[in-house]
Amino acid sequence: MNHEMQLKTFSKISLLLTLILVPCSVNAGERPNVLFIAVDDLRPSIGCYGDPHAITPNLDRLAASGVQFNRAYCQVAVCNPSRASLMTGLRPDKLGVWTLPIHFREAMPDAITMPQWFRKFGYTAVSHGKIYHNPTPDPQSWSEPIRSLPSLPYVYPEGTRTRVKKVQDGLPKNDWRKNNLRGPSTASPDFADDQVLDGARTKMAIEDLRRLGKQPEPFFLAMGFIRPHLAWVAPKKYWDMHDPRKLPVVSDQRITPNTPAYALHNNSELTHYVDLKDLPRPWEDRDVSAEKARHLMHAYYACVSYVDAQIGRLLNALEEEGLADNTIVVLWSDHGWKLGEYRGWGKMTNYEIDARVPLLIAGPGVQEVGKQTDQLAELLDLFPTICEMTGIEVPEFVDGQSLMPILKDVDASVHEGAVNQYYRNFGGNQYMGYSIRTNEYRLIEWRGFDSGHVTDRELYDHRTEHSETVNIVESADEGVVDELTELLLQTHPRKGLVMRPLIHSDPHPEKLQSEMVVQNATDSVVQVYPITPAGRRGKVLRLQPDGSRTVNAIVGTVYVAESVDGSIHEIHTTTESGATVVFGDSAVSE
């Protein structure tokens, strides 16, 4: 199918999605509600996971009311592909999303997300905060437009903007942060919870919880917390809960020897921030000072306690509304995080520290209440698990396995191995690293991205030590390596991959200019995004109801349009003769 035919086909997706979302004839009112809680960058630094320094009474309380998964793993240790995989139920290689910039709708326009599927069975799906990667609200997923936050006070001290501007102006012209340097990495404003981002969003989510709980239809309420993602901002009282002198500081770590140079990340995420712009890379001789490391550790734990308090507010509201006994509560993080381990700060590796996530499931259908399990689980498993818990059909397209057997018996096994992966662009070459974690080992196989040919391997023995500091791939029994490799190849055969998603611009070679008139014939705001040749979304153009604009573009430029209410998802391209596109009108003129 050529590019123009693809675009004409996908411009009909809004109609197909509408048909898909027609509710089935089911007795929806008897189904349990779902409270779906995501916490960004949360590693298992939680009391119930055995961290003596964490102050997390509400997470501990949730764990005591359900099943705690001690060996749950994300599919990719970075926000966008991890969340896209979880929400669509598809492995990253099938979905075609491995990096931060690509919207999953450009990779697979007809993907059906978990809340879309639940809407088909009579659920009202409502979202707050970060569920998909920002800025990816995906209005098609939700029954209602996502509500905007109220204006919140500035969390940094007076003069911070001037300080950042001065440092930014002093950066070299070719520095990638010249126009993108952020404020300090930490802040402890003496504010009430609701004056800071996650608290304000929690307040709105509780309002919706109370409203939705009074309706006859069951609800799928998603609440995504941004902390403890950077910047580490939490009200002062949560900092005061922790004595920084008692917090662990990792200062003696080293890079695991005999591993490929592209195995580790370069700590660049933290260097976006003005106070960390010179943070050393893991392989450099410079160290993060003990004082700085202790402050960052303090900030992380304070943010975890702040989010824990907001989760407590949600759980309290469930009980106050009489909804707790008929609501499934699922809490997950999109990936782990390094706090100095392997001389690293951040995520973005295939190692245990970044791939392992907290996962708690409570509510109707959970028989092993208050128990922990060491059985392997993947975030990919949540889609079929919640379907089975609510009694709705498990779609055939999902790649995960239901965790219901473990919720009934914590010793039941669902997976022989849990797989995560990470893309790396290093030294002008592209690689994909695949990691399979079994009860006893972690095998990592690096491959050329375009070819699928093996370039390196790592093997870690979790029977004897769990820090993955000794790569034993050269000394291990050959049969062990072969067995793990065979298990990995069952889900991830060796093949070349293509980074560019299905929907992308194909600009005219002579850069011919064209005008496209876009009109909004709907009652909802329509957001129009230009798509780059690499498949990334550009700056959004917002069209009010009955509004129109003229867009100047190069012939072959693709535009994606989504209405805020989720009823429109269309894809159009500019042509040599110009175009008039009317959103909400089945007759599209090109």
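The expected span of a helix is taken as 1.5 Å times one less than its number of residues. In this predicted model, helix H9 comprises the 16 residues 197-212, for which a span of 22 Å should follow at 1.5 Å a residue, and the distance of 23 Å between its end C-alpha atoms agrees with that value.

Asn471 is located in the loop that lies between strand S15 (454-461) and helix H15 (478-491), and, because its relative accessibility is 12%, Asn471 falls under the 20% limit and counts as buried. Its side chain reaches the backbone oxygen of Asn258 at 2.7 Å, while a polar atom of the Asn471 side chain lies 3.2 Å from the backbone nitrogen of Val473. When neighbours within four places in sequence are left aside, the residues in contact with Asn471 are Thr256, Pro257, Asn258 and Thr259, as well as Arg457, Glu458, Leu459 and Tyr460.

An open sheet is formed by three strands in the order S19-S16-S22, with mixed pairing. Strand S19 (548-554) and strand S22 (579-583) each have a single partner strand and stand at the edges, so one side of each remains without a neighbour in the sheet. From one strand to the next, the twist averages 25°. Strand S16 (residues 513-520) runs parallel to S22 and is joined to S22 by five bridges; Asn520 has Phe583 as its bridge partner in S22.

Technical notes. Residues are numbered from 1 along each chain as its sequence is written. This is a predicted model: local features need pLDDT of at least 70, side-chain atom pairs count only at pLDDT 80 or more; totals for chains, interfaces and linings use all residues. Side-chain values use heavy atoms; hydrogens and water are left out. Helices (H or I, at least four residues) and strands (E, at least two) are DSSP runs, numbered from the N terminus. Buried means under 20% relative accessible area, exposed over 50%, partly exposed in between (1.4 Å probe, protein chains only). A polar contact is a pair of N or O atoms within 3.5 Å; within protein, one must be able to donate a hydrogen and the other to accept it, and residues adjacent in sequence count only if both atoms are side-chain atoms. Contact means heavy atoms within 4.5 Å. Two strands pair if DSSP finds at least two bridges between them. Axes are lines fitted to C-alpha atoms, for helices over the stretch in contact, and angles run from 0 to 180 degrees between N-to-C directions.
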